[in-house]
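Hi,

Here is the structure I promised to pass on. Have a look at it first, and then read my notes below.

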Amino acid sequence: SDILKNQHGLLNVVTADAQTALRTPPFSKIPFLAYYFDGCGGQSGPIISMVEAIFDSQRPKVHKKIAIGFTLTGADPSGRSLFDREQDVLRSVFRAARGNGYNMVHVGDDPTRFLRHGRESRKLHEEILSTWVMLEQNTR
């Protein structure tokens, strides 16, 4: 990362996993509107850790809506189904969202609201599953 920073002057270059980068300046101070976590290793655990990092007590929480997307693949060595691992991640997002005053809406549940074309979208292609949720600040 130092080579890229020195060569290009890029302040947004870091060599770390997402859960570490989100807890370390400068990223720990940036209130992102959207997160996308690529779980090409297929395991849900690293993505759950990344989700937990979003809601770290040191991170700013200023947005009324936050989009979270993630990908899982069939590469998980445990052999658990993609859908079971997806549920692991979704449950962790739900718990973190609720604990921080957000409601969770699955983008695929309301395609006319969230997808520009208004049609259903496939989230599974071969052995790759992609899921998006929208967190909306609870106004009650």
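This is a predicted model: local features need pLDDT of at least 70, side-chain atom pairs count only at pLDDT 80 or more; totals for chains, interfaces and linings use all residues.

Which residues does phenylalanine 70 touch, not counting residues up to four places away in sequence?

**The overall picture**

The protein chain has five helices and five strands. If you read along the sequence, they come in the pattern α-α-β-α-β-α-β-α-β-β. The chain has 140 residues, and 36% of them count as buried. I also looked at contacts between residues at least 6 apart in sequence: 73% of these join residues at least 24 apart.

**Back to phenylalanine 70**

You'll find phenylalanine 70 in strand β2, which covers residues 65–73. Its relative accessible area is 0%, so phenylalanine 70 is buried. As for what it touches, the list is Tyr36, Phe37, Ile47, Glu86, Val89, Leu90, Leu129, Ser130 and Thr131, with residues up to four places away in sequence left out. Phenylalanine 70 and tyrosine 35 are 35 residues apart in sequence, yet their C-alpha atoms are 8.2 Å apart in space.

Helix α3 takes in residues 44–54 and helix α4 residues 82–99; their axes come within 9 Å and cross at roughly 15°. Angles under 35 degrees count as roughly parallel, and α3 and α4 are therefore roughly parallel to each other. Their crossing is right-handed. Sorted by class, that gives six nonpolar, two polar and two charged residues.

Which residues of α3 are buried? They are Ser44, Ile47, Ile48, Met50, Val51, Ala53 and Ile54. The elements that cover them include α2, β1, β2 and α4.

Leucine 82 belongs to helix α4. With a relative accessible area of 11%, leucine 82 is buried. Apart from neighbours within four places in sequence, leucine 82 is in contact with Leu72, Thr73, Gly74, Leu124, Glu127, Ile128 and Leu129. Leucine 82 and threonine 71 are eleven residues apart in sequence, and 9.9 Å lies between their C-alpha atoms.

**The aromatic rings**

I get a count of five aromatic pairs. In one of them, the rings of phenylalanine 32 and tyrosine 35 have centres 5.7 Å apart and planes at 70°, so this pair is edge-to-face. Are the two partners buried or partly exposed? Phenylalanine 32 is partly exposed, at 26% relative accessible area, whereas tyrosine 35 is buried at 7%.

**The loop between α2 and β1**

Have a look at this loop too. Serine 28 lies in it, between α2 (18–21) and β1 (34–39). Serine 28 is buried, with a relative accessible area of 3%. Leaving out neighbours within four places in sequence, serine 28 is in contact with Ala21, Leu22, Arg23, Gln58, Arg59 and Pro60. Proline 26 is in the loop between α2 and β1 as well, and a cis peptide bond, with omega about 5°, joins proline 25 and proline 26.

Most residues other than glycine have a negative phi, and most peptide bonds are trans. Glutamate 126 sits in the loop between β4 (124–125) and β5 (128–137). At 67% relative accessibility, glutamate 126 counts as exposed.

That's what I have for now. Happy browsing!

How values were computed. Residues are numbered from 1 along each chain as its sequence is written. Side-chain values use heavy atoms; hydrogens and water are left out. Axes are lines fitted to C-alpha atoms, for helices over the stretch in contact, and angles run from 0 to 180 degrees between N-to-C directions. Helices (H or I, at least four residues) and strands (E, at least two) are DSSP runs, numbered from the N terminus. Angles under 35 degrees count as roughly parallel, over 145 as roughly antiparallel, 65 to 115 as roughly perpendicular and the rest as oblique. A crossing is left-handed if the near helix is turned anticlockwise from the far one by less than a right angle, and right-handed if clockwise. Ala, Val, Leu, Ile, Met, Phe, Trp, Tyr, Cys and Pro count as nonpolar, Asp, Glu, Lys and Arg as charged, and the others, Gly among them, as polar. Buried means under 20% relative accessible area, exposed over 50%, partly exposed in between (1.4 Å probe, protein chains only). Contact means heavy atoms within 4.5 Å. Rings of Phe, Tyr and Trp (its six-membered ring) pair if their centres lie within 6.5 Å; planes under 30 degrees apart count as stacked, over 60 as edge-to-face and the rest as tilted.
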